[in-house]
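Work through the two exercises below with the structure in view, trying each task before reading its solution.

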Amino acid sequence: MSSISYLNGAFLPVNEARISPLDRGFIFGDGIYEVIPVYGGKLFRLDEHLKRLDDNLAAVRIKQPLSNKAWKSVLNEVVARNRPMHGDEQSIYLQITRGVAERDHGFPNSHIEPTLFIMSSTLKPLAASIAEQGVAAITHADIRWRNCHIKSTSLLGNILLRQQAYDEDAVEAILIRDDEVTEGAASNLFALIDDVLITPPKGPLLLPGITRDLILELAQQHNIPACEAFITPQQLINAEEIWLTSSTKEILPVTTLDGTVVGSGKPGKLWQQMNQHYQAYKQQLRNR
Ligand code: PDD
């Protein structure tokens, strides 16, 4: 059985989907993407993902190919068609590129249609060891460009940074720019400092994560002191807890940073509390 994808209006097995080598996504990484988890067959924070997609397409001047209503219908169709293979918990990847044109860095002069691709994969449950032991992270200079708020498919910087973490037996690289901690190579960052949960403010140096926003919302709902503020590398080293958040990894408790123990060396109390709220939120979506 093959996973069913969507390419420019047609549903077809992913291994039969074909794009032109002249697609600007292939040639330049000239595109925008989203990753949306699915719980109980329902797309997680769909309006928020579609809003970010809209903002990102506008930022790079790619025409929005679908209305919100059409997006919802096609995404739900991809989820439904993949249920026999992936079940009710899926990870949906969507990508829009500027389209097919002769290679030239500038935008094509004549009108071209964006390429729209969607695929589904199984959403893997997080390893039980994460709640018991947490994960290791490294710090690294942020070698990426200065438009990190754009969810661009040009990810070479992020790829090299994530690989550096793997090479050092860690799961993520936490990035530092101009003496500020920004985010992970594919995740946002939270630190518990003096009993306040802190995450760096939105801006061009980090992706406005959907999971990040939800965690701030949950903190507010449950009276957990939280704020958006700059974090220095020194503050990070001394943090009581460090978390990394993303749609696919949820909330990862970091228990070693550059080989040094973070806090108690175990996933912290606040992580346990927030993770329960997060799991409850997912369960509500499943039951809806
Ligand atoms: N990445 N920052 C970066 C650089 C990211 O690539 C991601 C997500 C996040 C977290 O955003 P969200 O909570 O909306 O998933 C932050 C996805 C999962 C990926 O590239 O696969």
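Predicted model: local features only at pLDDT ≥ 70, side-chain atom pairs only at ≥ 80, totals over all residues.

Residues are numbered from 1 along each chain as its sequence is written, and side-chain values use heavy atoms, with hydrogens and water left out.

**Exercise 1.** Find how many residues surround the ligand, and which are the closest.

Solution. Count the residues with a heavy atom within 4 Å of the ligand: there are 20, and the closest are Tyr33, Arg52, Glu183, Thr211 and Ser247.

**Exercise 2.** Identify polar contacts (pairs of N or O atoms within 3.5 Å) of the ligand.

Solution. Begin with the side chain of tyrosine 33, where an N or O atom is 2.6 Å from an oxygen atom of the ligand. Next, the side chain of threonine 211 likewise places an N or O atom 2.6 Å from a ligand oxygen. Finally, turn to the backbone of isoleucine 210, which has an N or O atom 2.9 Å from an oxygen atom of the ligand.

Key: Polar contact = N/O pair within 3.5 Å; in protein donor to acceptor, adjacent residues only side chain to side chain.
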